[in-house]
Amino acid sequence: MKIHNTTGGRIFDAANYVFLSLIGIITLLPFIYVFAGSFATEAEITRRAFFVWPEQFSLGAYEYIFSTPAFIRALVTTVLVTAVGTVVQLILTVTMAYPLAKRNLRGRQLIMSLVVFAMVFSGGMIPTFLLVKDLGLLNSYWALILPAAINPFSLIIIKNFFQELPAELEESAKMDGATEVGILWRILLPLSKPVLATFALFYAVGIWNDFMSPLLYLSDNSKWTLQMYLRQVTASSDLLGTGNVDPNYIPPEQGIKFAVIVVATLPILIFYPFLQKHFAKGMLIGSVKG
C-alpha cells in the first residue's frame, strides 16, 4: 500500500499544501503591495502602511514616468542591450560549445580545465575593470555584454547536450556534403531549442537585472539602463527629468518608485511563461554525461 493512500499520508499532503501555499502567499505579498501602490494616490500610500488593493485608482505615476525622457531612454536602452546581449552571448556560447563537444578535438581537455577553473575562480572587480578599460570599452554598451559573454556553466551544459546527440546525425549530414557550420545551423540548433531557450532566459534576465556593470562602466547618465534609473529614483528624490507635464504639477514620489519597479520587473514575468515549458527540460538535458 502506498503511503499517500493512507489517512496519515493524505493529512501530511494536505498540511504540505497548506504550508507551501502560505509561504507562496507571503512571498507574493511585497510584489502585490508594490503593484497596488503603483496605481494608488500619493496620499493613500502615505496614509496606509500596507494594502493589496488601492481605494482610488490613479495612473498618475505611470503617466509621469512615460512622459519623462530619461525613463523612456533608459527603458529603450535596456531592451536593446538585453536583446543584443542575449543574441551575442548565445552565439558565442554555442560556437564554443560545439567544437568542445568533439571528443577528438586537440587540446580539448586543457580548454575544458580552463573553463572549469573560470567557473570556480574569477579575476574580480578591479582586474575586470582594468581589462574593460584597456579594451576601450568604458562608457560603451559593449562593456555590459562582452565581459560576461560566455558563462562557463551554460557552456558546459550546452556542450554536454551536443555530445548526447546521436553521432549518426552528423555522419549522415557529412555524407550529404554538409559543412560543420551547416550541421550546427541546420541540424543541431533546431534540436537544441529547449536548452537554448533556457539559457537565453538566463542571459536575458542577467543582462536586464544587471546593476553593477552600468554602475562601473557607464559614466554618461544618458546611457544609463533601467536598473540605474531605478536606483536613482529609489535612492533620492531626483526623478531625472520633469517630462512633458505641468511645471506646477507635484509628481507622486512614492508612486513613481513603485511604478518604475513594476515596469522593471514586468517584462521578465511576461516572457517567462512562454519559456517555462523548456525550462526544466533545458536544465536537466545535457547535465548527466560529461
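In which helix is A118 found? A118 belongs to helix α5, which covers residues 108–120, where helices (H or I, at least four residues) and strands (E, at least two) are DSSP runs numbered from the N terminus. The model is a predicted one, in which local features need pLDDT of at least 70 and side-chain atom pairs count only at pLDDT 80 or more, whereas totals for chains, interfaces and linings use all residues. Residues are numbered from 1 along each chain as its sequence is written, and side-chain values use heavy atoms, with hydrogens and water left out.

With a relative accessible area of 40%, A118 is partly exposed; on this scale buried means under 20% relative accessible area, exposed over 50%, and partly exposed in between, computed with a 1.4 Å probe on protein chains only. A118 and F153 are separated by 35 residues in sequence, and their C-alpha atoms are 9.6 Å apart in space.

For the protein as a whole, the secondary structure comes to 13 helices and zero strands. Of its 290 residues, 39% count as buried. Among contacts (heavy atoms within 4.5 Å) between residues at least 6 apart in sequence, 71% join residues at least 24 apart.

We can now turn to the interior. In soluble globular proteins, nonpolar side chains tend to be buried together. Here a nonpolar core is taken as a set of buried Ala, Val, Leu, Ile, Met, Phe, Trp, Tyr and Cys residues joined through side-chain atoms within 4.5 Å. The largest such core has 27 residues, and those with the most contacts inside it are Y62, I65, F71, Y229, I256 and V260. The elements that give two or more residues to this core are α1 (7–38), α3 (60–65), α4 (69–100), α12 (226–235) and α13 (253–284), and α13 gives the most, with seven residues. Because domain 1 (7–57) and domain 2 (62–288) both give residues to this core, it lies between them; the domain bounds come from an automatic or database domain assignment.

V34 is found in helix α1 and, with a relative accessible area of 17%, is buried. Residues up to four places away in sequence aside, V34 touches F258, I261 and V262, and its C-alpha lies 8.9 Å from that of K257, although V34 and K257 are 223 residues apart in sequence. E44, in helix α2 (residues 42–47), also counts as buried, at 2% relative accessibility. Leaving aside neighbours within four places in sequence, E44 is in contact with F51, W53, P54, E55 and Q56. F57 lies in the loop between α2 and α3 and, at 47% relative accessibility, counts as partly exposed; F57 and A40 are 17 residues apart in sequence and 5.4 Å apart from C-alpha to C-alpha.

At 22% relative accessibility, N139 counts as partly exposed. S154, by contrast, is found in helix α7 (residues 152–164) and is buried, with a relative accessible area of 4%. Not counting residues up to four places away in sequence, S154 touches T93, F199 and Y203.

What remains is the largest pocket. A pocket is found on a 1 Å grid over the protein atoms alone, as an open set of points where a 1.4 Å probe fits, with protein on both sides within 12 Å along at least five of seven lines, and its lining residues have an atom within 4 Å of a point. The largest pocket has a volume of about 420 Å³, the volume being the space filled by probe spheres set on grid points that are joined across faces, edges and corners. It is lined by 19 residues, of which L144, P147, A148, D210 and S213 lie nearest its centre. The elements that give two or more residues to this lining are α6 (125–134), α10 (193–209) and α11 (212–217).
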